[in-house]
Amino acid sequence: MSIAIKKAQRIKELPPYLFAEIDRRKREALSRGVDLIDLGIGDPDIPTPSAVVEKLLEGASKPVNHRYPSSAGMGEFRQAVSNWYQNRFNVKLDPAKEVVSLIGSKEGIGNMAVAFVDPGDVVLVSSPCYPVYHIGTAFNGGKNYFLPLKKENHFLPDLDSIPADVAKQAKLLWINYPNNPTAAVADEDFYLRVIDFANKFNVIVCHDAAYTEMGYDGYRPMSFLEVDGAREVGIEFHSLSKTFNMTGWRIGMAVGNSDTPEYSRRCKKPA
Ligand SMILES: Cc1ncc(COP(=O)(O)O)c(C=O)c1O
């Protein structure tokens, strides 16, 4: 840039974006002729199913699709999400009130902090994790409290290790199972402990469910919303990116409780 303009403070304080850094190192290694197996960004290298591509081609020629949808997303898409949750997880969602479409789940994940984190608020984030959780906090002046994912805890965060004064200041708790990058999975028992914690400390649980369709040998990962009490404390983010090899299409959704008074109550931390 030839003109001297200072970057915003929040940009200066950001840690390097992990995936950009991995990409830089990858390109550098490739240029040295190294034969790489890419374990970086979760970007399926097999094509989108042809039925999806055919629907896109058909849809692209219809003028009804050439205009903005409503801000909450196209009704047909939200209905399809609700049907899928019902069939896949036996979770009932009102498509008009409990589903919003996203330009990839990353859009919703990043904006969660915009909606709920004020300067100084604490966000509970696993380490390691998909970096957008803690970057969202940093962009909004919040403080990340990292919960190490350890082998001895089956790569689940140890909620009992969080000091009470930190938990009391926390607004959001990010969880992600099946987990990127550890591939660990969570069961109902873990989710029940998460719900107890959320109720005790008035914390919103944000479950990133992007990988629920990556289950093998007959194992079917759960939605957080399947668990009793989850809807009262949490929101779930999901995506077509990994399930249908559609990372270049960027279509995602946020689902859960539309009861904003409940969420507002959670945002008012007890003094
Ligand atoms: C754990 C996790 N959540 C969310 C995303 C974002 O996916 P989307 O393409 O829906 O924005 C990714 C992408 O790598 C991811 O690994």
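This section describes the overall dimensions, the sheet, the helices packed across it and the nonpolar core of a predicted model.

The protein contains 10 helices and seven strands. Its C-alpha atoms occupy a box of roughly 55 × 50 × 45 Å along the principal axes. The radius of gyration is 20 Å, which agrees with the value near 18 Å that a compact globule of 271 residues would have. Of the 271 residues, 34% are buried. Among contacts with a separation of 6 or more, 67% are between residues 24 or more positions apart.

The seven strands form an open sheet in the order β1-β7-β6-β5-β4-β2-β3, and the pairing is mixed. At the edges are β1 (99-102) and β3 (143-148), each of which pairs on one side only. On average, neighbouring strands of the sheet are turned by 20 degrees against each other, direction ignored.

Strand β2 (residues 122-127) runs parallel to β3 and is joined to it by six bridges. Within this pair, Ser 127 has Pro 148 of β3 as its bridge partner. Strand β2 is also parallel to β4, with three bridges between them; here Val 122 is partnered by Ala 170 of β4. Strand β4 in turn pairs with β5 in the parallel sense over four bridges, and Trp 174 has Cys 206 of β5 as its bridge partner. Strand β4 is mostly covered, with six of its six residues buried.

Helix α5 (residues 105-116) lies across β1, β2, β4 (170-175), β5 (204-208), β6 (234-239) and β7 (252-256). The direction of α5 is at about 155 degrees to that of β6. Helix α6 (residues 132-139) lies across β2, β3 and β4, and runs at about 155 degrees to β2.

The largest nonpolar core comprises 56 residues, of which Leu 124, Leu 172, Leu 173 and Val 205 touch the most other members. Helix α8 (residues 188-201) supplies the largest share of this core, seven residues. When residues up to four places away in sequence are not counted, Val 205 touches Leu 173, Ile 175, Val 194, Ala 198, Phe 224, Val 233 and Gly 234.

Terms used
Residues are numbered from 1 along each chain as its sequence is written. This is a predicted model: local features need pLDDT of at least 70, side-chain atom pairs count only at pLDDT 80 or more; totals for chains, interfaces and linings use all residues. Two strands pair if DSSP finds at least two bridges between them. Helices (H or I, at least four residues) and strands (E, at least two) are DSSP runs, numbered from the N terminus. Axes are lines fitted to C-alpha atoms, for helices over the stretch in contact, and angles run from 0 to 180 degrees between N-to-C directions. Two residues are in contact if their C-beta atoms, placed from the backbone, lie within 7 Å. A nonpolar core is a set of buried Ala, Val, Leu, Ile, Met, Phe, Trp, Tyr and Cys residues joined through C-beta atoms within 7 Å. A residue is buried if 20 or more other C-beta atoms lie within 10 Å of its own, exposed if 12 or fewer, and partly exposed in between; C-beta atoms are placed from the backbone. The radius of gyration is taken over C-alpha atoms; the globule rule is 2.2 Å times the number of residues to the power 0.38.
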